[in-house]
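Begin with the surface and overall build, then move to the core and a few backbone details.

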Amino acid sequence: MENSFKQWLKIKKKKPEDVLSFIHDEDDLILPIANGEPRVLMDIIEENATQFQNVRIHQMHALKERSYISGRRKPSLSYVAYFLSEASRKAFLQGQCELVPNHFHEVPRLLRESTKTSLVLSCASPMDEHGYFSLGTQADYVASFIGKVPFFLEVNQQMPRTFGANQIHISQIEGYIPVDYPLHEVFPPPITDLDRRIASYITEQVEDGSTIQSGIGAIPNAVISMLNSHNNLGIHTELLSDGVVDLVEAGIVNGIEKKTYPGKIITTFA
């Protein structure tokens with residue numbers, strides 16, 4: 001069986017420019033958030049935009065400012081944002097890309113109902129011995145399309161393997177390219193005295209055995225850093241931040257009192 005998976009790898013391995021043959025006029029391309037964004041594949045698509053007409057790219061959180069986000073590839077490529085990042089906020093304010101307001105959990109339904117979901121382009125970790133890739137640092141809305149929508153992967157040697165509802169089998173992809181580059185890293189903002197003061201009021205409300213949802217920014221980081229005297233905490237969150245690792249290693253987060261997925265940390269992206 002392992003040899004058959006290796007055969008699949010040979011058959012489905014492509015050159016970066018081969019992705020262009022899987023894209024057609026009027027298509028809707030779906031990209032994951034953050035480190036799920038396949039940089040090499042999108043470079044190729046961006047550089048060859050004139051081959052297409054009216055292709056729309058849908059994404060929540062773009063990492064890199066690109067010409068199709070800023071409207072410079074219309075009508076070949078246009079961009080639809082479901083969350084404004086530093087890479088897309090300016091373009092939206094200038095009227096160069098669309099924004100679809102939403103709740104995160106609604107995005108899979110919105111994409112199913114309002115787009116063709118023509119092709120998902122995503123980063124992944126290398127295939128395991130059972131023929132599965134992992135979407136690595138996230139299990140966002142694109143994970144809901146595994147087995148239902150064509151996928152083309154950028155398999156990064158530096159993408160960590162994670163577990164959960166983000167496993168995709170070699171038989172479920174149209175093709176892949178191998179890459180090897182470091183992931184984008186967001187360094188935590190400095191925590192001020194005011195942040196710590198606010199965090200202290202929050203941590204007073206956290207009881208032992210609580211399940212935590214943590215957001216992005218200095219105050220959530222401050223809260224996490226001040227939970228060292230708590231016990232048996234659980235994590236069920238959108239974002240998994242660095243501070244959670246410290247709590248796990250200290251035995252403070254173990255999830256034994258969680259009602260949903262006890263003993264497991266549940267997250268959408270890291």
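**From surface to core**

The model is predicted: local features need pLDDT of at least 70, side-chain atom pairs count only at pLDDT 80 or more, and totals for chains, interfaces and linings use all residues. Residues are numbered from 1 along each chain as its sequence is written, and side-chain values use heavy atoms, with hydrogens and water left out.

The chain has 7 helices and 12 strands. These are DSSP runs numbered from the N terminus: helices are H or I with at least four residues, strands E with at least two. The radius of gyration, taken over C-alpha atoms, is 20 Å; the globule rule gives 18 Å for 270 residues, so the chain is as compact as a globular protein of that length. That rule is 2.2 Å times the number of residues to the power 0.38. Along its principal axes, the C-alpha trace spans about 60 × 55 × 35 Å.

Now go inside. Buried residues make up 46% of the 270. Buried means under 20% relative accessible area, exposed over 50%, and partly exposed in between (1.4 Å probe, protein chains only). A nonpolar core is a set of buried Ala, Val, Leu, Ile, Met, Phe, Trp, Tyr and Cys residues joined through side-chain atoms within 4.5 Å. The largest one has 31 residues, and I45 and L121 touch the most other members. At least two residues each come from α2 (39-47), β2 (55-59), β3 (77-81), β5 (119-124) and β9 (173-179). α2 gives the most, with 4 residues. Another core lies apart from this one; its 29 residues include V107, M127, A143 and I170.

Stay with α2. Its buried residues are L41, M42, I44, I45 and E46. Their cover includes β1 (28-30), β2, β3, β5, β7 (151-156) and β9. Leaving out residues up to four places away in sequence, I45 touches V19, L20, I23, L29, L77 and L121. Contact means heavy atoms within 4.5 Å.

Finally, check the loops. Between α2 and β2 lies N54, a residue other than glycine with a positive phi near 55°. N54 counts as partly exposed because its relative accessibility is 37%. In the loop between β2 and β3 sits P75, joined to K74 by a cis peptide bond with omega about 0°.
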